[in-house]
Structure formats: structure tokens, C-alpha cells
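Let's take a friendly walk through this two-chain model. Have the sequence and the structure open as you read.

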Amino acid sequence: MKTGIIKTVTFTVVCLVLGILIALQMKNVNADQISEQNLEELQTKLIEYANKNVELQNRNTELYQYIDILEDDKASGSAQVDSILREKERAAIFAGLREVRNYGLEIRLSTAENHMIRDSVLRQFVNELRALGAQAVSINDERLVATSEIRASGSVIIINGNGYNRESTFVIKAITDPQKEDYILSYLESIRRSVTNDPQFQNDQYDIRFSTLPELTIPALSEDSIAFQIDLLQPEDN
Amino acid sequence: MRFSKTSTLLFVLLLIIGSIVTSHVQTVRAEFRRSDLETRYRQRQEDLRLYEEQFERLTEENRQLLQRQEDAIADLLQREGQEGILEELRFTRMLAGFTQVSGEGVRITLNDKPDYDIFLDTEDSIVHDGDIRHVLDLLRNAGAAAFSVNQQRIVNSSYIYCIGPTILCNQQRLTPPYVIEARGNPEALAAAIHQDPTLSIRAMPGIDLIVIVEQLEEVVIPPFADANNLEPFINRLEVVR
């Protein structure tokens, strides 16, 4: 009788302990998962924001200084006007309204006789050049701006409203960073291979050549070019 | 030597308890590490919230400063009797993309297939950098005068590019949905998107890429945010006089 009670108590205690331990284990299994990877992603985002904030802070400080100069009644008017003119010139250069020159590279594209250059191939090179940091780009001496169309229409490709024969050689020029020459050329080479190996372009037999030049000139785009669509940019109440 | 059923059962139970205790000790150790990770994660989340708030404040301050700068320039040039320069400056800034543009246009929203499953769905069901570039090219060719992607104005120095899973525009990280707004003739711009075979295929059932086209009476395209920091974009351009 006594042995029976001991056995029952022992089993009860053992089963109780077992039950508690199993419950504890289950709790841990269900605990939410925060991994080192999540933390790393969060840290990367943090660094990005920290950098952006520093950059914005610096920009705002510069703006305060510039506004102080503009609002300084004691400063000479001509010095202030000169600084505005310099600002205007920089905006004009950025907008593509000035003819510019420097080290750069040239891409010449042609196809087999009676085959036509595709607009998508030109757009691909232009997009890649922009991503590679080109500060000015032109096709057949048509300066490209953000709204420049590169569109095939029958036997011509229209750029900034002007048509260029698709059976002729197209020349893309870009002003790029000479220190990145190797990287840029190897990247463009991979684009060249992807175009020439693309089955849909096989019959066109693209001939794509690159050359770097110590100095090349890219013309300005006239401010009344169709590419700017000035009538749509103006405030509507004007 | 014989064991009773009770002893055997007790032996098995104690063995189970032993192994669970061992596992629990390991789990508790891991729990300490996890708890530390969790604390650091919560802390970083809080830091990020503060940084985001600071970014919002600085952006608003920047917007007000740019307005103040424009007003100061206008006042000064009027004071100096140089209204002509003011007009030229405004015009040049407009062509460069440094002014807000508003009016009729379209809004194109690109997004990944809802409930995209990396194992079941193809890569065509998610938005790539090339898709955004493709939409911009279609809008350019249809006569758009100005456009933005997730409120980033597309200007001469802009490019859309991906590094790993992140799409960048004007050095800013973009996250889906990708909202492209363009100023121009709404019918012509919308038709260019609707009639594009590539996007039509991607939006078909099975691939289900989200492509929403809205024709709007007013879209607001923001100015280029880096307009007062042009040096990195023009430092290699020598003007030919």
C-alpha cells in the first residue's frame, strides 16, 4: 500500500516536471524571430538616413549663408548680382543649354547593309551611360536632356524632334570620368556583347565600337527645342 | 536481473526529462543572446524613427529656405533694376527641372504581384529597374514635359538603377509601389502605356504585375531636390565659349 502511494506520487511529480518543461520549450519555439540579418538591414537604413541628414544639414547651412549674402543691405549690389548670374550659368550648364567639352567617350553603332538601328539599342546605351555618371550625352550631336525622345518612326529615329536615317552610323558621345575609364569600358563591353548575342538582333549584325578621347565637344540644346515642351512647363496662371 | 515495468517507465520518463533539461539550458542561453539582439533591434528602430523625423524636419526647412532664396533673389534684382535677369533665371531653372510643374497628366503605378511567392512566381511578377526606365521612355516618346518617380524629379543627371534588391533614383532608395507621374497630354501618355506590348504581357493573369494608369486633371511634379548642390553633376563640363 505504502509502496503504491510512493510510486503514484513519484509518477505525478515526474509527469508534472515533464509537463512544465515541455510548456517552457514550446514557449521558446514560438518566440518571435529577430535575426542578425534584420538588425544589419536596419543598421544599413540607419546609416543611409544619418548620411542624408548630414548632407541636408550642410546644404541648409550653405543656403543660410547664401541668403545672408543676398539679404545683406551693406553688400555691394553688383557682387550679389554676379553671384546670381553665376548661379544662373550653373543652372544653364546643368540644363544642357551650353556647349561643353572635356575627356569623354564615343560609341559608334552601325548594322549590316539594309538593316536598321533599333531605338531600344540606343536607349539602352544612353541609360547605361547616365548610370555610369556621364554628365553630358549626345546622339549624332543632338544633346540629350531628361525629356529627349529617342523613337523609331519608319526609316528614321527621332531625337529632339529631328529624324536620323536608321541605316546610317549613329554616334553617341558622353563626357565621363577618366578615372573610371576601365570600369566604364568593361561595363559597356558587356552591353555590347548582350546586344550582339541577342537572338532578336542577330540578323542586324551590329557593329559597336568604343573609343575614348582626351577632348570631345557636346553641343548645347537650344532653349526653344521641342524637347523642353516649354508650354507645358509654364505655370498655368501665366 | 529483471526490471519491473514501473522502473522501466520511470527510467524513460527521467531520460526524457534529462534531455529536455539539457535542451532547455541551451535554449535559455540562446534566449539571452536573442534578448540582447532584440534589445539592440528595438534601440535601432527607435534611432531610425528619430532620424526619419529629423529628415522630415530638414526637408521642410530646405523647402522653406529655397523659397526664401528665390524671394531674396527677386527682391535684390528688382532693387538693382535687373528684372530681366530674374526672368532669365526663372526660365533657366524651369528648363533645368528646378521648379515645380503642375497641370494635366498621368499617374502610372507599378507594383509587384500581390502575395508574390519567390518559389511559385516568376521574376516577371515583380517590378525591376528596367520596367521603370521602360515606362519613362514610353512617356518621353509620348511627349511628357516633366516626370517624377516616387516624388523624385527626373532631370538630366537622373538614372534609375538597382543595386541588389534596391532601386535607386537621384541617389534615393525607392520602395514599391513605384508611382510615376508625368505632365503632358493625358490621353496620349495613357495610350502609350496601354498600347505597350511588354507591359500588357506583364499585367496578364498568371504574371499579374500591377500596372495602374490614371489620367488626371492635375499632377504635381516636384522640383529637383539637389538644385542647390549642382557641383557633382557639372564639374566635368567645360563651357565652350
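## A right-handed helix pair in chain A

We begin inside chain A, where helices α4(A) and α5(A) make a right-handed crossing. Please keep in mind throughout that this is a predicted model. To find the pair, look for residues 119-131, which form α4(A), and residues 181-196, which form α5(A); their axes come within 11 Å and cross at roughly 160°. Angles over 145 degrees count as roughly antiparallel, so α4(A) and α5(A) are roughly antiparallel to each other.

Which residues of α4(A) and α5(A) make the contact? From α4(A) come Val121(A), Gln124(A), Phe125(A), Glu128(A) and Leu129(A), while α5(A) supplies Tyr187(A), Leu188(A), Ile191(A), Arg192(A), Ser194(A) and Val195(A). Sorted by class, the contact between α4(A) and α5(A) has seven nonpolar, two polar and two charged residues.

## A helix pair in chain B

Chain B has a right-handed crossing too, between α3(B) and α4(B). Here α3(B) covers residues 129-141 and α4(B) covers residues 186-194, with axes that come within 9 Å and cross at roughly 135°. That angle makes α3(B) oblique to α4(B).

The contact brings together Val135(B), Leu138(B) and Leu139(B) of α3(B) with Leu189(B), Ala192(B) and Ile193(B) of α4(B). How do the residues of this contact between α3(B) and α4(B) divide by class? There are six nonpolar residues, no polar ones and no charged ones.

## Where the two chains meet

Now for the interface. In it, 91 residues of chain A are in contact with 94 residues of chain B. Together the two chains bury about 8900 Å² between them, and 63% of that lies on carbon and sulfur atoms.

One place to look is the packing of α3(A) against α1(B), the helix of residues 5-79 in chain B; the axes are 10 Å apart and the angle is about 130°. The two helices α3(A) and α1(B) are therefore oblique to each other, and α3(A) passes α1(B) in a left-handed crossing. On the α3(A) side the contact uses Gln80(A), Val81(A) and Ile84(A), and on the α1(B) side Ile73(B), Leu76(B), Leu77(B) and Arg79(B). These residues of α3(A) and α1(B) divide into five nonpolar, one polar and one charged.

## Salt bridges

How many salt bridges are found over all chains? The search of the whole structure gives 29, and the count between chain A and chain B is seven.

Lys88(A) forms a salt bridge with Glu88(B), with the closest N and O atoms 3.2 Å apart. This pair crosses between chains, running from α3 of chain A (residues 77-95) to α2 of chain B (residues 83-96). The side chains of Glu71(A) and Arg68(B) also meet in a salt bridge, at 3.3 Å from N to O.

## Two backbone details

Most residues other than glycine have a negative phi, and most peptide bonds are trans. With that in mind, have a look at Asn114(A): its phi is near 65°, a positive value in a residue other than glycine. Asn114(A) sits in the loop between β1 (100-110) and α4 of chain A.

In chain B, the bond to check is the one joining Pro176(B) and Pro177(B), a cis peptide bond with omega of about 0°. You will find Pro177(B) in the loop between β6 (172-174) and β7 (178-183) of chain B.

Key
Residues are numbered from 1 along each chain as its sequence is written. Chains are lettered from A and ligands numbered from 1 in the order in which they are written. This is a predicted model: local features need pLDDT of at least 70, side-chain atom pairs count only at pLDDT 80 or more; totals for chains, interfaces and linings use all residues. Side-chain values use heavy atoms; hydrogens and water are left out. Axes are lines fitted to C-alpha atoms, for helices over the stretch in contact, and angles run from 0 to 180 degrees between N-to-C directions. Helices (H or I, at least four residues) and strands (E, at least two) are DSSP runs, numbered from the N terminus. Angles under 35 degrees count as roughly parallel, over 145 as roughly antiparallel, 65 to 115 as roughly perpendicular and the rest as oblique. A crossing is left-handed if the near helix is turned anticlockwise from the far one by less than a right angle, and right-handed if clockwise. Contact means heavy atoms within 4.5 Å. Ala, Val, Leu, Ile, Met, Phe, Trp, Tyr, Cys and Pro count as nonpolar, Asp, Glu, Lys and Arg as charged, and the others, Gly among them, as polar. Buried area is the accessible area (1.4 Å probe) that two parts lose on being put together, summed over both. A salt bridge is a side-chain nitrogen of Lys or Arg within 4 Å of a carboxyl oxygen of Asp or Glu.
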